[in-house]
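Please read the following note alongside the coordinates. The points are numbered so that each can be taken up separately.

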Amino acid sequence: MKTLTGSIETVKLGGFIGEKDFWDKGYGTDYVKTVVKYSFKVLGLHRVWLRVFSFNKRAIK
Ligand SMILES: CC(C)(COP(=O)(O)OP(=O)(O)OC[C@H]1O[C@@H](n2cnc3c(N)ncnc32)[C@H](O)[C@@H]1OP(=O)(O)O)[C@@H](O)C(=O)NCCC(=O)NCCS
């Protein structure tokens, strides 16, 4: 992760688990929760957002 400087208040989140054997085990949920919590509580950001395809139910949840 890069060090943030200046007045950055919004970040775009992205994620990808390359190995299918590791899908649907809660890792994606854990990753998002951890990054969102860190972004608001430690970095003091105001908005964290993620773009997903409408057909990607797993990513939307
Ligand atoms: C999207 C991705 C990061 C999600 O991570 P993950 O570890 O597989 O997801 P989780 O195990 O945390 O599951 C997330 C939710 O989706 C649900 N889910 C899993 N498979 C599903 C399916 N086929 N259809 C609908 N929901 C599904 C899970 O039950 C869970 O919901 P819950 O918390 O209510 O039980 C991961 O699957 C991935 O990298 N996929 C390929 C690339 C990709 O799609 N990237 C995202 C681009 S926006």
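1. A residue is called buried here if 20 or more other C-beta atoms lie within 10 Å of its own, exposed if 12 or fewer do, and partly exposed in between, with the C-beta atoms placed from the backbone. Glycine 15 is exposed because 11 other C-beta atoms lie within 10 Å, and of the 61 residues of the chain, 0% count as buried.

2. The model is a predicted one, in which local features need a pLDDT of at least 70 and side-chain atom pairs count only at pLDDT 80 or more, whereas totals for chains, interfaces and linings use all residues. Residues are numbered from 1 along each chain as its sequence is written. The pLDDT, which is the predictor's confidence in each residue on a scale from 0 to 100, averages 88 over the chain, and 89% of the residues score at least 70.

3. Helices (DSSP runs of H or I, at least four residues) and strands (DSSP runs of E, at least two) are numbered from the N terminus. On that basis the chain has two helices and two strands, which follow one another along the sequence in the pattern β-α-β-α. Among these elements the highest mean pLDDT, 94, belongs to α1, and the lowest, 86, to α2.

4. Which residues are closest to the ligand? They are Ile17, Gly28, Thr29, Lys57 and Lys61, within a shell of 16 residues that surround the ligand, a residue being near a molecule if its C-beta atom, placed from the backbone, lies within 6 Å of it. The elements that give two or more residues to this shell are α1 (27–41) and α2 (57–60).

5. The loop between β1 (10–12) and α1 holds glycine 15, which touches Gly28, Tyr31 and Val32 when residues up to four places away in sequence are not counted; contact means that the C-beta atoms of two residues, placed from the backbone, lie within 7 Å. Glycine 15 and alanine 59 are 44 residues apart in sequence, yet their C-alpha atoms are 9.0 Å apart in space.

6. Phenylalanine 22 lies in the loop between β1 and α1 and, leaving aside neighbours within four places in sequence, is in contact with Ile17 and Tyr27. Phenylalanine 22 is exposed, because 10 other C-beta atoms lie within 10 Å.

7. Aspartate 24 is placed in the loop between β1 and α1, and its phi is near 60°, a positive value in a residue other than glycine. With 10 C-beta neighbours inside 10 Å, aspartate 24 counts as exposed.

8. Isoleucine 60, in helix α2, has 10 C-beta neighbours inside 10 Å and therefore counts as exposed. Isoleucine 60 and leucine 50 are ten residues apart in sequence and 9.2 Å apart in space, C-alpha to C-alpha.
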